[in-house]
Every structure is written in C-alpha cells, then in structure tokens.
Amino acid sequence: MSREVDTAEYMGMLRELIGQGHRVSVRVAGNSMSPFLKHGRDTVFFAAPDSEIKKGDIVFYTRPNGQYIMHRVCRVNPDGSLDISGDAQCVMECGVPRNAVFARVVEAERDGKLIAPGDRCWDFFSGFWVDSFAVRPLLLRSGSAVMRIIKSFRGESDGSGQRKKE
C-alpha cells in the first residue's frame, strides 16, 4: 500500500537523515542547475555541511517562505551570508543566512558517471560558471542558439514533435 508524501514531510525526513550524518541521494528536479545538472537525468548526493562552505559549492537551503532550493554559492560575504544562484539563472539571491543551509552536494551522478568536488569536470565547471556570472546571460542565449543550429543541421525535432523538413 502506498501513500502520498507531502513535500514538507519529505524534506523533513531528508533533513533528519542528513542531520544524523547520513548521505542522502536525490534525483535532480527542476532546471535551475542546468546545464551542469539536468532534471530527471542526474542524481545528487547530499551530506551535512561539516566544513566551511566556499565559493562554487552546491548547497541545499530553505528560503524564508519554506521553499527548498539547490543552488551554487557565488560568493561568501564577510558577515558569513551567501550569495547564491542556480546555474541556469542570471540573478543572484544575496545575503542567504548560513544557517538556512542544511546540506551540501558532495557528489553527483552526471550522465551515468560519479563526479565530486576535486574532479576536473566539477572544478572546471564550478570555477568557470561562477567566475563568468556577469556574462552568463550571453552564454545561455548563445548556447541555446548554437544548439538550435546544430539540431537543424542534424534534422532533429524542432520541439513540436514534428521532424524538421529539409
């Protein structure tokens, strides 16, 4: 017999497990961490943030309205608060209190491969994406345009379910 679980109840269970020192895996939901992590494709592994949070870390935190968010740290402020943004976003959420963070991504399964901070792919992407925050809108737009051009040359679907005519 199955039952539906409320999001707050589910997140409470995750927080409790993480607080007890367990490592918890969750399938990525949403597109805020794209292109690094994709909705439904990738899995992240969370643990308690037992060491200092630093620029480039991906953290799980709670907004004052109760919403749970997974974003990357763009800057650690002198007062300890964090400036955070999703990879697919061009606006930072500034001044996030450190105590709102309850987990850090310690590993991810991306395209079927395990990667973690310290791996070349992770570190390159984190450094590049955080340091290029000012030009991110241009990168996201040009990346989308390039993908549309590539798909048109391959004759792939235009998103409407119809194959493009040649």
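What follows is a set of questions about labels and the values behind them.

Mentor: Keep in mind that this is a predicted model.

Trainee: Why is the contact between aspartate 111 and arginine 41 called a salt bridge?
Mentor: The closest N and O atoms of aspartate 111 and arginine 41 are 2.8 Å apart. The cut-off is 4 Å between a side-chain nitrogen of Lys or Arg and a carboxyl oxygen of Asp or Glu, so the pair qualifies.

Trainee: What makes this a link between distant parts of the chain?
Mentor: Aspartate 111 is in the loop between β7 (101-110) and β8 (113-115), while arginine 41 is in the loop between β1 (24-27) and β2 (43-47). The two are 70 residues apart.

Trainee: How many salt bridges does a search of the whole structure find?
Mentor: The search finds 7.

Trainee: Why is aspartate 57 called buried, and why is lysine 54 called partly exposed?
Mentor: Aspartate 57 has a relative accessible area of 6%. Buried means under 20%, so aspartate 57 is buried. Lysine 54 stands at 47%. Partly exposed covers the range between buried and exposed, and exposed means over 50%, so lysine 54 is partly exposed. The side chains of these two residues meet in a salt bridge, at 3.3 Å from N to O.

Trainee: What makes arginine 63 and glutamate 93 a salt bridge?
Mentor: Their side chains meet at 2.9 Å, N to O. The limit is 4 Å, so the label applies. This pair, too, links distant parts of the chain: arginine 63 is in the loop between β3 (58-62) and β4 (68-76), and glutamate 93 is in strand β6 (residues 93-96), 30 residues apart. Arginine 63 is partly exposed at 24%, and glutamate 93 is partly exposed at 22%.

Trainee: Which members of the largest nonpolar core touch the most other members?
Mentor: Leu37, Val44, Phe46, Ile58 and Met70 do, in a core of 22 residues. The elements that give two or more residues to this core are α1 (7-19), β1, β2, β3, β7 and α2 (120-131). Of these, β7 gives the most, with 4 residues.

Trainee: What does valine 44 touch, leaving out residues up to four places away in sequence?
Mentor: Its contacts include Val24, Val26, Leu37, Met70 and Val105. Ser25 and Glu107 are also among them. There is a second, separate core of 10 residues, which includes Ile53, Tyr61, Ile69 and Val101.

Trainee: Why is asparagine 77 called buried?
Mentor: Its relative accessible area is 18%. The cut-off for buried is under 20%, so asparagine 77 counts as buried. Asparagine 77 lies in the loop between β4 and β5 (82-85). Not counting residues up to four places away in sequence, asparagine 77 touches Leu82, Asp83 and Gly95.

Trainee: Why are phenylalanine 36 and tryptophan 122 called an edge-to-face pair?
Mentor: The centres are 5.3 Å apart and the planes are at 90°. Rings pair if their centres lie within 6.5 Å, and planes over 60 degrees apart count as edge-to-face, so both parts of the label hold. Phenylalanine 36 is in the loop between β1 and β2 and tryptophan 122 is in helix α2, 86 residues apart. Phenylalanine 36 is buried at 0%, and tryptophan 122 is buried at 4%.

Trainee: What makes tyrosine 68 and phenylalanine 102 an edge-to-face pair?
Mentor: The distance is 5.8 Å centre to centre, with 90° between the planes. Tyrosine 68 lies in strand β4 and phenylalanine 102 in strand β7, so the pair ties together parts 34 residues apart in sequence. Tyrosine 68 is partly exposed at 24%, whereas phenylalanine 102 is buried at 9%. Ring pairs link Phe46, Phe60, Tyr68 and Phe102 into a cluster.

Trainee: Which residue lies over the face of phenylalanine 102?
Mentor: Arginine 15 does, at 4.3 Å from the ring centre. Arginine 72 lies over the face of phenylalanine 36, at 5.1 Å from the ring centre.

Conventions. Residues are numbered from 1 along each chain as its sequence is written. This is a predicted model: local features need pLDDT of at least 70, side-chain atom pairs count only at pLDDT 80 or more; totals for chains, interfaces and linings use all residues. Side-chain values use heavy atoms; hydrogens and water are left out. Buried means under 20% relative accessible area, exposed over 50%, partly exposed in between (1.4 Å probe, protein chains only). A nonpolar core is a set of buried Ala, Val, Leu, Ile, Met, Phe, Trp, Tyr and Cys residues joined through side-chain atoms within 4.5 Å. Contact means heavy atoms within 4.5 Å. Rings of Phe, Tyr and Trp (its six-membered ring) pair if their centres lie within 6.5 Å; planes under 30 degrees apart count as stacked, over 60 as edge-to-face and the rest as tilted. A charge sits over a ring if NZ of Lys or CZ of Arg is within 6 Å of the ring centre and within 35 degrees of the ring normal.
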